[in-house]
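Open the model in your viewer and keep the sequence panel beside it.

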Amino acid sequence: MTLSEKNDKLVAELLSYFCGGFMDDFLKLVNTRYSCRNYSDKKVPREDILKCLEAARLAPSACNSQPWKFIIVDDTELKEKLCLAAYSAPYAASWPKKAPVIAVIVTERGNFTSRMGNMIKDTSFYLIDIGIAVEHFALQAAELGLGTCWMGWFNEKGVKKALGLSSSTRVDIIMPLGYPATKEERKKVRKTIKEISYFNTK
Ligand SMILES: Cc1cc2nc3c(=O)[nH]c(=O)nc-3n(C[C@H](O)[C@H](O)[C@H](O)COP(=O)(O)O)c2cc1C
């Protein structure tokens, strides 16, 4: 075991010691979520989709502006139309259409204070907000045994046309949702804690 792996292990042990079962459960959940690219055709109950939406709804956002709209596509015909448009070349992908649900996340520009903050600080707070809300959605899905995959590579114009959205609408993320076709325990390929952080000054 390398020194940095030992450090990571120690941090995980300390977190577990100080934060008890809750942190254990949370880290387990975070580890459970992975980018699922192989779905079964088993229907996802609306009730479970609503739980994922509730988790997204509770996400924090700059100035509490909640700059998101989740369009849930679970109608088979519409989903096919959407996938055809979203994954045409050069965005070609054949696996997303196997997912019984596609969540299309509309990025809104945020409220006035958040937009002022964006301008003054030159930070796209609304994109940070979207990231948090969508990950809440994905983690709740993982907790329900559902797979998801963040997708930023798709034909945005095609998506908007398929869903009848105006051309000025922004869709930055699409998230297929469904039961994984196979049970996967994929090892996370990540930088070490030492590579991504330090305490106080270096
Ligand atoms: C903003 C964002 C956009 C992504 N876009 C795509 C995508 O278009 N297609 C895809 O297959 N995976 C996409 N991914 C998934 C990443 O490849 C994946 O999260 C990363 O490799 C880590 O793997 P894991 O999610 O299985 O832990 C995206 C992830 C994020 C966060």
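The stops below give a selection and then what is found there.

**Whole chain.** Start with everything selected, bearing in mind that this is a predicted model. Colour by secondary structure: the protein has seven helices and four strands. Followed from the N terminus, the elements come in the order α-α-β-α-β-α-α-β-α-β-α. Of the 202 residues, 25% count as buried. Taking contacts between residues at least 6 apart in sequence, 81% join residues at least 24 apart.

**Helices H3 and H6.** Next select residues 76-86, which form H3, and residues 156-163, which form H6. Two packed helices are described by the angle between their axes and the distance between the axes. Here the axes come within 7 Å and cross at roughly 155°. Angles over 145 degrees count as roughly antiparallel, and H3 and H6 are therefore roughly antiparallel to each other. The crossing of H3 past H6 is right-handed.

Now show side chains at the contact. H3 contributes Lys 81, Leu 82, Ala 85 and Ala 86, while H6 contributes Gly 158, Val 159, Lys 161, Ala 162 and Leu 163. By class, the residues of this contact are six nonpolar, one polar and two charged.

**Ligand.** Which residues are around the ligand? Select Tyr 34 and Ser 35, then Cys 149, Trp 150, Met 151, Gly 152 and Trp 153, and finally Arg 186 and Lys 188. Coloured by class, this shell shows five nonpolar, two polar and two charged residues.

Technical notes
Residues numbered from 1 in each chain as written. Predicted model: local features only at pLDDT ≥ 70, side-chain atom pairs only at ≥ 80, totals over all residues. Near = placed C-beta within 6 Å. Nonpolar A, V, L, I, M, F, W, Y, C, P; charged D, E, K, R; others polar. Axes fitted to C-alpha atoms, helices over the stretch in contact; angles between N-to-C directions. Helix = DSSP H or I, 4+ residues; strand = E, 2+ residues; numbered from the N terminus. Parallel < 35°, antiparallel > 145°, perpendicular 65-115°, else oblique. Left-handed = near helix turned anticlockwise from the far one by under 90°. Contact = placed C-beta atoms within 7 Å. Buried ≥ 20, exposed ≤ 12 C-beta atoms within 10 Å, placed from the backbone.
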